[in-house]
Amino acid sequence: MEKPLEGKRVLVTGSGGGLGRSHAVLLAERGAELIVHDIKPDNANETVELIRKKTGQLATVLISNIREIEEFTTSISNLGKVDILVNNAGVGGKGRKIEDIDIKIFDEMFEVHVRGTFFATQAVLPQMKKNESGKIINISSIFAMGGHDSVSHYAAAKSAISGFTKSWAKELAPWRINVNAVAPGFVETDMTRASMSQDDIKDLEKKMPLGRFCKPIDISYAVAWLASAETDMLSGQVISPNSGAVIVGY
Ligand SMILES: NC(=O)c1ccc[n+]([C@@H]2O[C@H](COP(=O)([O-])OP(=O)(O)OC[C@H]3O[C@@H](n4cnc5c(N)ncnc54)[C@H](O)[C@@H]3O)[C@@H](O)[C@H]2O)c1
């Protein structure tokens with residue numbers, strides 16, 4: 001297999017499972033040196049073991065809670081060189097109507113997605129600016145494109161991430177730092193299963209123009225492309241592998 005990311009050091013937040021794990025493994029297979037981050041040590045170690053089995057590479061583990069924002073950003077600043085940051089960690093919306101979203105739930109959503117993405121990026125910038133290169137890949141959501149009922153706090157947090165993406169692309173272009181976002185459509189992960197029954201998943205899947213939900217790897221291919229030199233002239237974009245869902249609505 002070609003190794004287009006050889007020599008690149010990549011941090012994927014929330015890569016102890018779900019999509020983040022899939023991104024970490026694919027990026028490692030393409031030659032990157034991985035830093036696997038999560039709040040759950042056992043899950044992060046499982047990802048590291050998977051990477052070792054598939055590539056022989058020993059990835060670095062970083063355990064921190066994004067909501068403990070100072071500890072989280074200090075741990076990132078201490079990593080040294082990070083060429084590519086994937087702001088992936090997230091929490092799901094769990095089908096809550098406006099009346100069901102209290103301040104605690106609202107704050108967790110914005111702390112993990114918005115504060116986490118902002119301050120992780122702030123922590124890697126000094127050395128990216130010094131090197132005059134870098135790639136920041138934010139994970140937004142199809143819900144930030146079309147909205148969705150019963151998950152407005154999640155859609156709003158993901159919309160903020162799209163806003164960061166476009167603004168940072170402009171602000172960081174002089175240092176040749178690319179900033180893009182991937183806005184996944186529906187993918188069956190723990191997050192999806194926590195808010196939808198298997199019957200709901202099957203019903204919704206039938207409505208997808210391309211016939212199925214995305215698989216984690218469908219999202220990882222977009223992430224790996226944005227991490228590669230093939231996208232050196234692409235910045236401020238939000239790309240959305242979503243099974244064609246936005247063509248028809250969902
Ligand atoms: N699954 C989907 O259909 C879908 C669709 C659109 C966007 N997304 C986004 O993709 C990303 C990954 O989602 P997923 O489906 O893999 O979810 P997931 O729940 O399977 O994985 C999320 C990971 O983030 C970690 N995490 C959560 N809170 C954390 C914290 N406070 N500190 C550190 N780590 C924390 C979890 O431990 C977990 O490993 C998220 O940003 C999510 O919003 C997912």
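Analyst: Start with a definition: two axes count as roughly parallel under 35 degrees, roughly antiparallel over 145, roughly perpendicular from 65 to 115, and oblique otherwise. Axes are lines fitted to C-alpha atoms, for helices over the stretch in contact, with angles from 0 to 180 degrees between N-to-C directions. Helices (H or I, at least four residues) and strands (E, at least two) are DSSP runs, numbered from the N terminus.

The model is predicted: local features need pLDDT of at least 70, side-chain atom pairs count only at pLDDT 80 or more, and totals for chains, interfaces and linings use all residues. Residue numbers run from 1 along each chain as its sequence is written. pLDDT is the predictor's confidence in each residue, from 0 to 100. The protein chain averages 96, and 100% of the residues score at least 70.

Now the packing around helix 4. Its axis and that of helix 6 (residues 152-172) come within 9 Å and cross at roughly 15°. Helix 4 and helix 6 are therefore roughly parallel. Residues are in contact if their C-beta atoms, placed from the backbone, lie within 7 Å. On helix 4 the contact includes F106, F110, H113 and F118; on helix 6 it includes Y154, K158, F164 and W168. By class, this contact has 12 nonpolar, 4 polar and 1 charged residues. Ala, Val, Leu, Ile, Met, Phe, Trp, Tyr, Cys and Pro count as nonpolar, Asp, Glu, Lys and Arg as charged, and the others, Gly among them, as polar.

Helix 4 (residues 103-131) also meets helix 3 (residues 69-77): the axes come within 8 Å and cross at roughly 30°. That makes helix 3 roughly parallel to helix 4. This crossing is right-handed too. I69, T73, I76 and S77 of helix 3 contact R115, F119, A120, Q122, A123 and V124 of helix 4. These residues divide into 6 nonpolar, 3 polar and 1 charged.

Next, helix 1. Its axis and that of helix 2 (residues 41-55) come within 10 Å, crossing at roughly 30°. So helix 1 is roughly parallel to helix 2. The crossing is right-handed. R21, A24, V25, A28 and E29 of helix 1 meet T47, L50, I51, K54 and T55 of helix 2. The classes are 5 nonpolar, 2 polar and 3 charged.

Last, the ligand. It is surrounded by 28 residues, the closest being G14, G18, I39, G90 and T189. Helix 1 (18-29) and helix 7 (190-195) are the elements that give two or more residues to this shell. The shell has 12 nonpolar, 12 polar and 4 charged residues.

Terms used. Left-handed = near helix turned anticlockwise from the far one by under 90°. Contact = placed C-beta atoms within 7 Å. Near = placed C-beta within 6 Å.
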